[in-house]
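Hi everyone, thanks for coming. Let's have a look at the structure I brought today, and I'll walk you through it.

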Amino acid sequence: MSYATALRCRKCGREYPLEPRNLCDFCFSPLEVTYDYKAMAATVSREKLAEGQFSMWRYRDMLPVEGEVVDLGTGFTPLVKADNLASELGLDQLYIKNDGLNPTYSFKDRVVSVAVTKAREFGFEAVACASTGNLAASVAAHAAKANLKAYVFVPDSVEPGKLVGAAIYKPTLITVEGSYDDVNRLCRQLTERFHWGFININLRPYYAEGSKTLGYEVAEQLGWRAPDCVVAPAASGLLFTRIWKGLDELAMLGLIEPVNTHMYIAQAQGCSPIVNAFQAGSLHVHPVKPQTIAKSIAIGNPADGYYALRVARQSGGGAGAVSDEEAIAGMKLLAQTEGIFAEAAGGVVIATLRKLVASGVIKKDELTVAFITGAGPRTQDIVADAVQPLSIRPTVESLEEVLNVREPKLC
Ligand SMILES: *Cc1c(COP(=O)(O)O)cnc(C)c1O
Ligand SMILES: [Zn+2]
């Protein structure tokens, strides 16, 4: 039993039953799951949550699922106190939410775990998705676990490591000539043609809810408080809005104080339609053609851009974009200060954080959480220049030579 009551249009408020459906018939705006928060508040408590399993499913009462869940052990990833990076950037208190440590190495396992659970509840025999790479792997893995067929569509420019990361679970893997936005448009057309559960199309309202657990976890891991500042990446913008919603719900349920978190959007300059709109003081997102190494967040026409902008505005936050060079420097800085190997999206977050602190937008004494949403090892090529080994013959002298050690032996 869940406390979900309906799907509600985010614009006109019309309600629909809890079925596979993404858009309002009347105004074509996205639908969102609504809950009976009163009943939910009567059940959840800090104490009860603390007794739960160490995965995102400790928050099950706050998610829209009914029966047995499809779970690979996702969530409750480390919130690391990043003191080395903090002093490098000039912050007193910085935490890294390392969501690259999920079963398929990205935060997408959160959204997919909920969406595939719903796909099975709705009786779909196959699931499908349009992906920049990470979603494909997660959908394929969860489908394997749930004994469902999977059709995953990716742009043909996806990194080889990401392709293998999906293919190993043996989905039907389809590469499409074009950008992610082309793949997404195609998949929208396919929803009319095939009776599949499209994870980020007809199941999108449920998919979205999985991201809220990032907000829940961070607040619980901070000892039941919201951070002062959040820096998170945006592709479609959905994750960004749901971190906020997660924090907001905790306050509504009386689990934390009213939220006063400033929310900052991070994008790559080669694909920053949301940041562009923010900087232009507009809520209207103009689509762009992506050109960046941060492929997992390269969505030129972001479906939830408008809502992400509203969250950034209303929270007193902001937005920033960085070049590919800055993102790579961000990846290296995170690895070399905190021992965390993030993918390029993480480099974008760290580099954006660096700019926001340097320009005084994020203040030294503000408790800040930076979200690392994917792990680095599947896209190693972009930092291959980090490999600069000292090459030696297998002798002590040879090592002394390259290390320039000239002292006499000690004994
Ligand atoms: C999918 C993804 C995001 C954000 O996705 P949204 O579409 O904005 O919800 C961020 N980082 C990584 C690594 C991703 O794969
Ligand atoms: Zn509507």
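So, how many salt bridges does the rule find across the interface of domain 1 and domain 2? Quick reminder: a salt bridge here is a side-chain nitrogen of Lys or Arg within 4 Å of a carboxyl oxygen of Asp or Glu. The rule finds seven of them across that interface.

Before going on, some housekeeping. This is a predicted model, where local features need pLDDT of at least 70 and side-chain atom pairs count only at pLDDT 80 or more, while totals for chains, interfaces and linings use all residues. Residues are numbered from 1 along each chain as its sequence is written, chains are lettered from A and ligands numbered from 1 in the order in which they are written, and side-chain values use heavy atoms, with hydrogens and water left out.

Okay, the domains. Domain 1 covers 4-69 + 108-207 and domain 2 covers 79-105 + 211-386; these bounds come from an automatic or database domain assignment. Between them they bury about 3400 Å², with 51% of that on carbon and sulfur atoms. Buried area, by the way, is the accessible area (1.4 Å probe) that two parts lose on being put together, summed over both. On the domain 1 side, Arg46, Tyr59 and Arg110 supply 21% of the area buried against domain 2, more than any other three residues. As for contacts (heavy atoms within 4.5 Å), 37 residues of domain 1 touch 38 residues of domain 2.

Back to charges. Side chains of opposite charge can pair when their charged atoms come close. Lys162 does this with Glu343: they form a salt bridge, and their closest N and O atoms are 3.1 Å apart. The whole structure holds 25 salt bridges. Another one joins Asp304 and Arg204, with the closest N and O atoms 2.8 Å apart.

Last stop, ligand 1. Which residues come nearest to it? There are 16 residues around ligand 1, and the nearest are Lys108, Asn134, Ala235, Ser236 and Thr373; "around" means having a heavy atom within 4 Å. Lys108 puts a polar side-chain atom 2.7 Å from an oxygen atom of the ligand. The side chain of Ser236 has an N or O atom 2.6 Å from a ligand oxygen atom. With Thr373, a side-chain N or O atom sits 2.6 Å from a nitrogen atom of ligand 1.

Terms used:
A polar contact is a pair of N or O atoms within 3.5 Å; within protein, one must be able to donate a hydrogen and the other to accept it, and residues adjacent in sequence count only if both atoms are side-chain atoms.
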